[in-house]
Amino acid sequence: MSELNHLTMAQARDGLAKGEFSSAELTQAHIAALEVSRGLNAFVTETPERAMKAAQESDARRAKDRDEPGSMEGLPIAIKDLFCTEGVLTTASSHILDSFTPPYESTVTANLWRAGAVMLGKTNMDEFAMGSATVTSYYGPTVNPWQRKDDDKPLVPGGSSGGSASAVAARAALGATGTDTGGSIRQPASFCGIVGVKPTYGRCSRWGIVAFASSLDQAGPMTRTVRDGAIMLGAMAGYDPKDSTSADKPTPNFETALEQKVKGLKVGIPEEYNMEGMSRDLLALWDRGKEWLTAAGTEMVPVSLPHTKYALPTYYIVAPAEASSNLARYDGVRYGFRAEGETLQEMYENTRGEGFGAEVRRRVLIGTYVLSAGYYDAYYLKAQKLRALISEDFREAFEKVDVLLTPTAPSPAFAIGEKMDDPIAMYLNDVFTVPASLAGLPAISLPAGLSSDGLPLGLQLIARPFDEETMFCTARTVEEAANFDVEPALMVGA
Amino acid sequence: MTLLQGNTGDWEMVIGLEVHAQVISKAKLFSGAAATFGAEPNTQVSLVDAAMPGMLPVINQIAVEQAVRTGLGLNAKINLVSVFDRKNYFYPDLPPGYQISQFSQPIVGHGTIILDLDGGETREVGITRIHLEQDAGKSLHDQHPSHTFVDLNRSGVALMEIVSEPDMRSPEEAVAYLRKLRSVLRYLGTCDGNMEQGSLRCDANVSVRHPGEEFGTRCEIKNVNSVRFVQQAIEYEARRQIELVENNGVVELETRLFDSSNCTTRSMRSKEESHDYRYFPDPDLLPLEIDQEFVENIRASLPELPDAKKERLMSEYGLAEEDAGLLATERATADFYEEMTKGRDPKLACNWVTGDLFGVLNKSGVGIEESPVSAAMLGGLLDLISDGTLSGRLAKDVLEAMVETGKEAAVLVKERQLKQITDTGVIEAEVDKVLEVHTDKLAEYKAGKDKLFGFFVGQVMKATGGKANPGMVNEVLKAKLGS
Amino acid sequence: MSLDKSTVVQIATLARIRVPEEELEGLASEMDKIIGWVEQLDEVNTDAVSPMASVVDVKLIWRPDEVTDGDCCERILANAPKKSQGFFAVPKVIE
């Protein structure tokens with residue numbers, strides 16, 4: 001097995017440019033890695049033929065015009081099965097989208113193909129992106145390539161973009177797309193020891209991404225390094241007139257931004273993120289993060305985000321409410337699975353009863369409840385007000401600081417089957433990631449250290465709206481200082 | 001005051017109308033598919049209309065303009081900020097499982113409209129609000145024994161929902177409201193008002209009360225797709241409610257369907273469960289913001305509207321209110337009239353338009369835009385009456401010929417030698433001839449049968465091929481018969 | 001405010017999801033717990049707060065009135081579980 005699947009995206013890009021290897025070779029190495037790592041169940045659909053064809057076309061393009069390769073030219077990546085890919089099964093890891101083959105391509109993936117990227121396949125996820133462990137998929141759970149030091153129990157990769165995180169951590173893909181609604185890119189990135197970016201809301205188009213919660217969903221890259229994340233986000237982002245919530249702002253060169261000066265920046269440490277019961281490992285890592293950034297010439301500034309504790313309950317009103325409406329279209333009429341019924345209502349009820357899993361069902365019902373007559377003001381309207389307060393907290397903090405440093409997740413990866421008794425226990429995984437989602441702010445998670453049982457822990461950086469540049473250059477500094485070079489036990493070629 | 005008589009006294013009807021008007025536009029409200037009527041099933045459906053996974057709405061500029069234009073034409077308040085809400089319910093012709101509408105913050109607020117009633121009376125009625133919303137597709141229940149077929153062509157077409165205050169008190173007022181509203185919308189060019197094709201649909205809210213009392217519980221009647229049906233539906237429903245209440249029943253707040261086959265209303269079974277639409281602002285859209293400049297530009301482009309047009313026709317051309325009203329109902333008619341009447345007798349022109357031309361149009365089943373006779377051509381005909389070439393009677397024949405052949409009046413008169421005969425000598429000669437031939441009838445007339453005067457006139461007209469000037473024939477006959 | 005079985009049945013009907021009888025109790029208790037947990041928002045006084053109208057600070061963009069879409073009947077019907085003569089087909093609805 002060649003080492004080609006152990007390169008970073010940036011290294012692969014350089015290697016291709018120098019002609020050290022072809023995209024066909026690079027892609028073949030990843031297809032082989034994918035086959036070997038099938039036990040992780042990271043993929044719902046593998047597309048090796050399409051990948052090889054695209055790789056060969058990329059090599060041909062490069063041969064013709066060496067000077068202007070696309071920013072992702074010839075690089076094999078995986079796509080979360082929430083993105084509609086033309087002619088390729090797209091399931092959102094749900095039974096209700098059985099055999100759904102979109103006759104259209106999502107804007108973000110179209111951008112990636114236009115930049116020359118190669119698709120290895122569609123990755124597994126929590127059904128309809130609802131979950132933080134990738135255990136609610138119709139296609140079974142995905143396994144984290146990391147294992148505890150003294151234990152070989154299969155661990156969750158986090159969720160909902162667990163398949164993407166696992167594939168990247170296992171070195172079966174150079175990078176993968178994810179979506180983040182309350183932490184679904186950042187938290188699995190933290191659990192799998194990789195980098196995950198949620199850009200500012202509106203930075204990437206949502207057109208063609210199966211909608212979960214419209215005012216929160218954002219597409220983003222999942223990669224092994226910060227530079228790779230910058231490269232991939234640059235290819236994914238951009239204004240889309242087909243998405244009314246897409247921001248008509250030019251996409252900066254995020255890779256160039258990595259070199260921006262960090263010295264003199266003010267780093268905010270939100271006191272409310274220091275929560276009761278946090279492990280010593282996590283607190284110690286956070287402290288190390290502060291030290292690294294201080295050493296780089298930044299100033300740590302304590303800030304307060306007073307409404308932090310209300311972020312999770314706010315999210316668990318707003319997201320299910322929007323989801324309950326967004327998922328109404330899954331009714332067996334125009335696509336996907338249909339269960340028969342004597343009457344139309346029976347058909348609807350049987351289709352959706354059988355087609356949706358338990359977590360989706362729970363959230364759709366909660367969402368329906370909080371929007372229903374008599375409860376709208378008490379729940380949805382109230383939550384939208386809290387959301388305004390939470391955003392205001394951040395706005396005020398950003399008058400004093402340029403970026404915020406927090407842990408990404410309250411714990412490292414846990415075992416598959418744990419935390420299943422109580423939905424709220426599962427929701428608490430998102431306690432540090434949800435606030436930035438509610439405020440639409442750009443945020444990144446990068447691996448910064450290990451827990452006492454040898455599992456990766458991530459640190460999160462949150463920046464002002466449309467200031468991914470500050471987020472990236474600060475992340476680059478932390479990454480360099482952390483020098484996280486540990487590899488997962490179940491990695492391909494371990 | 002229109003009151004219905006019941007057993008327990010007089011009853012007053014309280015009526016409000018909700019009109020759905022399809023916006024004149026090429027594409028749909030939130031998608032780029034075509035909004036035209038009558039295409040093959042599912043050929044005017046975009047991925048957005050079909051609610052495919054990941055699809056998103058983008059608003060059509062013209063819909064915003066047309067809603068503002070309509071609001072201005074109804075003297076209504078334009079809300080510079082409005083919000084689109086989702087109205088959630090399940091039905092096969094509603095692919096996303098929600099309709100994008102406007103609930104708490106519509107684009108247009110309170111306005112007014114003036115009803116033209118019989119006898120020249122007018123009444124002002126309030127408009128509560130106007131909002132934009134998507135139309136649903138079509139469900140066909142009669143194409144297959146066990147299945148309903150769904151065509152999404154209409155799904156997503158832009159509608160304006162125009163809600164009136166419950167200010168109307170009779171079916172006649174409701175009809176007048178609909179007619180006036182339709183007229184205004186057509187003038188503005190924001191809706192073509194075609195009730196047959198469904199581009200104008202009406203739901204009626206009806207309740208009854210003893211005069212002076214509080215409003216009673218109302219019922220909403222759906223599926224009234226003609227002006228006549230609106231009148232019938234309201235009449236039936238008011239009577240139904242009165243009878244119910246007088247027999248100690250209670251009017252339920254419900255939706256009823258109008259059955260045009262027997263002019264009754266019945267409860268809608270499928271709408272039994274009280275609807276919980278769970279309205280909330282659509283998170284795929286931002287609040288709609290328009291600035292005052294945008295509104296003023298539209299205001300500046302408004303045409304003269306029916307009420308103003310009627311007033312001006314009355315004052316400028318000295319027409320009677322009823323005639324002016326008739327001409328002003330359709331902008332195209334008023335334009336036709338004004339072009340035709342330039343430099344001519346306005347009253348004569350009016351009679352010819354509202355009498356003969358309307359008759360021709362009715363017979364051929366076309367609107368004035370497709371009139372076989374243009375304003376210029378009809379004007380030419382009028383000229384021949386004014387200069388004495390044609391009698392009014394002859395002109396009617398000429399008009400018929402113009403419709404048939406498409407030729408101008410002057411040309412036809414020449415070709416067919418239709419000039420009227422006004423030469424006294426000629427007429428006298430013809431009269432003499434007729435009296436000579438019909439000596440028996442002459443004797444009867446002299447003996448007192450006055451009615452035969454008309455017979456002699458008729459004979460003279462026949463003998464002259466209709467060309468003799470009827471007035472002169474009358475005079476000459478009178479003189480000769482010595483009466 | 002307690003979420004009981006009958007409420008779940010009502011909500012499930014609104015959402016058109018059939019919940020097997022034996023699962024109603026468990027679902028009701030889970031949902032009740034979640035709703036109880038989110039009710040902590042009541043601790044915050046929001047009388048003077050406007051609800052968040054939009055996340056991203058941009059204006060709603062309008063598109064010109066042009067026909068740019070549609071006329072793709074096959075694509076629209078391609079994934080339909082049941083179709084006939086160009087229509088989608090569902091169990092008959094009785095009005």
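Reply: Happy to! Two residues are in contact here if their C-beta atoms, placed from the backbone, lie within 7 Å. With that cut-off, the contact between the chains takes 32 residues from chain A and 23 residues from chain B. The side of chain B that touches chain A is made up of 16 nonpolar, 3 polar and 4 charged residues. Please keep in mind that this is a predicted model.

Now to the sheet itself. Chain A has 16 helices and 11 strands. In chain A, 11 strands form an open sheet with mixed pairing, and their order is S1-S3-S2-S4-S6-S5-S10-S11-S9-S7-S8. At the edges stand strand S1 (43–46) and strand S8 (299–303) of chain A; each has a single partner strand, so one side of each is left without a neighbour in the sheet. On average, neighbouring strands of this sheet are turned by 30 degrees against each other, direction ignored.

Let us start from the S1 end. Helix H3 (residues 48–64) of chain A packs on the sheet, where it touches S1, strand S2 (76–80) and strand S3 (118–123) of chain A. The direction of H3 makes about 155 degrees with that of S3(A).

In the largest nonpolar core, which has 265 residues, A:Ile77 is among the four that touch the most other members, along with A:Leu461, B:Tyr177 and B:Ala204. A second, separate core has 34 residues, including B:Leu319, B:Leu327, B:Ala328 and B:Trp352.

A:Leu461 takes us back to the sheet. It is the bridge partner, in S11(A), of A:Ile444. S10(A) and S11(A) run antiparallel and are joined by 7 bridges.

A:Ser452 has 12 other C-beta atoms within 10 Å, and because a residue with 12 or fewer counts as exposed, A:Ser452 is exposed. The C-alpha atom of A:Ser452 is separated by 9.8 Å from that of A:Pro412, although the two residues are 40 residues apart along the chain.

Stepping back, here is chain A as a whole. Its radius of gyration is 21 Å, which agrees with the value near 23 Å that a compact globule of 494 residues would have. The C-alpha trace of chain A spans about 65 × 50 × 50 Å along its principal axes, and 65% of the 494 residues of chain A count as buried. Among contacts in chain A between residues at least 6 apart in sequence, 78% join residues at least 24 apart.

Finally, the partner. Chain B contains 15 helices and 16 strands. The radius of gyration of chain B is 29 Å, well over the 23 Å that the globule rule gives for 483 residues, so chain B is more spread out than a compact globule. Along its principal axes, the C-alpha trace of chain B spans about 90 × 55 × 50 Å. Of the 483 residues of chain B, 45% count as buried.

Methods. Residues are numbered from 1 along each chain as its sequence is written. Chains are lettered from A and ligands numbered from 1 in the order in which they are written. This is a predicted model: local features need pLDDT of at least 70, side-chain atom pairs count only at pLDDT 80 or more; totals for chains, interfaces and linings use all residues. Ala, Val, Leu, Ile, Met, Phe, Trp, Tyr, Cys and Pro count as nonpolar, Asp, Glu, Lys and Arg as charged, and the others, Gly among them, as polar. A residue is buried if 20 or more other C-beta atoms lie within 10 Å of its own, exposed if 12 or fewer, and partly exposed in between; C-beta atoms are placed from the backbone. A nonpolar core is a set of buried Ala, Val, Leu, Ile, Met, Phe, Trp, Tyr and Cys residues joined through C-beta atoms within 7 Å. Two strands pair if DSSP finds at least two bridges between them. Helices (H or I, at least four residues) and strands (E, at least two) are DSSP runs, numbered from the N terminus. Axes are lines fitted to C-alpha atoms, for helices over the stretch in contact, and angles run from 0 to 180 degrees between N-to-C directions. The radius of gyration is taken over C-alpha atoms; the globule rule is 2.2 Å times the number of residues to the power 0.38.
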